[in-house]
Amino acid sequence: MSRSSLVVVPVYGDLDSLLRCVDGLVEHLDTSVHRALLVNDCGPDVDAIERALLERIDGRPGFRYERNDANLGFVGTCNRAVLELDTGDTSAPEAVLLLNSDAVPTAGFLDAMLQVLDEDHTGVVTARSDNATIASIPYRLTDRGAARTEARTRRVWGELAPLLPVSQVLPVAMGFCFLTRRELIAEHGLFDEAFAPGYGEENDYCLRIAEHGWLAKIANRALVLHAGGKSFSGNRTALRAAHQRVLEGRYPFLPDAVAAYQRHGMTATERFADVLVPSGKPPRLAVDLRHVADADALVREIDAAFGDGFALEARLPAGTTAPAAWTVTSKDPDPDDLVTVAVLVDPSPAEVVAANRRALHLVVVRSAPPTVPWSSRAHRTGADTVAAVVDRFAEVVAPGEVADAREGIENSLMAPVDGTAAALESRWAALLPLDLTAADVAAASAADEVVRLRRELDDLRASRSFRTGQAIAKVASRLPGRR
């Protein structure tokens with residue numbers, strides 16, 4: 001390994017999660033190369049935690065314990081540990097890992113992170129986790145009310161990590177497991193005390209060194225579990241909000257950067273991780289039938305084809321009925337609410353893009369005649385321009401033949417996950433230009449609408465009828481009996 005590492009664990013409270021963290025380090029940290037520094041930040045149970053920690057690391061080489069004279073907070077403790085307490089040679093090619101005390105390392109985590117840190121222009125690396133916002137796997141869930149569990153994350157990550165790139169660039173790294181180069185700390189400092197006692201300091205560090213060309217990345221082969229909220233006390237919500245305002249004041253582009261990563265920076269494999277690795281619940285199938293001429297007939301056809309084994313949900317035109325087992329909604333679906341299958345009927349490009357973001361598999365019911373007149377919906381919406389993409393990546397059937405798609409979907413669901421993920425990535429890449437265009441249009445549409453309304457208002461004010469109306473109103477206001 002090219003770099004030795006100092007692992008700093010700021011300690012405050014929650015002894016149970018702290019001991020899990022230490023046990024994980026004892027098991028998975030090679031102390032012939034790396035060392036660990038545990039710094040007690042004088043929380044409410046400072047003495048009990050001290051006794052438990054000293055007992056846990058007693059006689060273990062590579063582990064060191066220190067105690068602050070007073071509570072310094074997460075930011076202050078990290079700065080003291082790295083800049084004051086660590087006596088290592090700061091000119092050595094060493095890395096520093098800041099690890100929350102409620103984080104649990106797994107086998108090989110540090111080697112995988114160090115491999116990414118040694119990539120060109122990489123300044124910070126974080127790990128995959130069960131509870132780390134955009135670093136979580138799975139991140140988006142098929143069951144929005146479900147809780148992420150360690151067992152589920154271990155299974156999903158275990159199957160999909162080999163299919164993900166070794167690393168990918170993030171807008172900012174996650175602070176629960178934060179690996180950086182010692183030389184960058186020497187050059188740029190560590191955490192800004194403006195973010196004391198915590199929250200936002202890691203983002204500020206990432207963006208500060210980014211101004212000098214250094215990237216934040218995620219190591220997809222590293223897994224570090226994270227309880228979340230166990231290593232910090234106080235009013236987290238108010239503190240986060242206050243520090244977020246400071247961050248956005250310094251880096252106004254940050255919210256847009258994070259939103260862009262969530263929309264286009266993630267791979268399709270990680271986006272659909274929760275669907276690619278089934279949880280055991282019936283796969284969800286969603287269909288929008290609002291624009292279908294005979295929705296009742298298609299409801300019966302879909303129910304006959306997929307009612308056994310799938311959880312069916314739809315948006316239906318008024319007056320259309322669906323079997324009691326179906327979920328019927330009138331709301332626009334959340335594009336991050338994932339489903340296994342989406343059924344589209346003569347879809348427009350926008351509908352294909354939306355389904356691409358939401359569904360693992362696509363079924364397209366195509367009713368266009370061999371010769372499509374220019375008056376048809378297909379031409380009016382531009383749907384014919386995406387026909388080639390649809391033909392490559394969807395089960396395409398004619399009305400009355402929806403049952404023919406069942407076998408193809410079943411085969412896809414039973415296919416090895418690596419092949420399904422590869423096909424998904426190809427579909428994602430093929431539709432990315434349309435998706436980017438849709439995002440640009442959506443971002444511009446609100447501003448365009450304001451401009452349009454202002455222009456219409458100016459035109460109205462300049463019109464003869466408006467001026468005449470104003471004059472009549474002034475005269476009328478002076479007529480007897482008017483006030």
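Visitor: Buried means under 20% relative accessible area, exposed over 50%, partly exposed in between (1.4 Å probe, protein chains only). What share of the protein chain is buried?

Guide: Of its 483 residues, 46% are buried. This is a predicted model, where local features need pLDDT of at least 70 and side-chain atom pairs count only at pLDDT 80 or more, while totals for chains, interfaces and linings use all residues. Residues are numbered from 1 along each chain as its sequence is written, and side-chain values use heavy atoms, leaving out hydrogens and water.

Visitor: How many helices and strands are there?

Guide: The protein chain has 18 helices and 15 strands. These are DSSP runs numbered from the N terminus: helices are H or I with at least four residues, strands E with at least two.

Visitor: Take H12. Which residues are buried there?

Guide: Ala295, Leu298, Val299, Glu301, Ile302, Ala305 and Phe306. They lie on the same side of H12, because their arc around the axis is only 165 degrees (taken from the directions from the axis to the C-beta atoms).

Visitor: And what is on the other side of H12?

Guide: Arg300 and Ala304, which are exposed.

Visitor: What do the buried residues of H12 pack against?

Guide: Strands E10 (284–288), E11 (311–315) and E13 (339–345), plus helix H16 (404–414). Contact here means heavy atoms within 4.5 Å.

Visitor: New topic. Which residues touch the most others in the largest nonpolar core?

Guide: Val9, Leu25, Leu99, Met113 and Leu179, out of 43 residues. Such a core is a set of buried Ala, Val, Leu, Ile, Met, Phe, Trp, Tyr and Cys residues joined through side-chain atoms within 4.5 Å.

Visitor: Which helix gives the most to this core?

Guide: Helix H4 (residues 109–117), with 7 residues.
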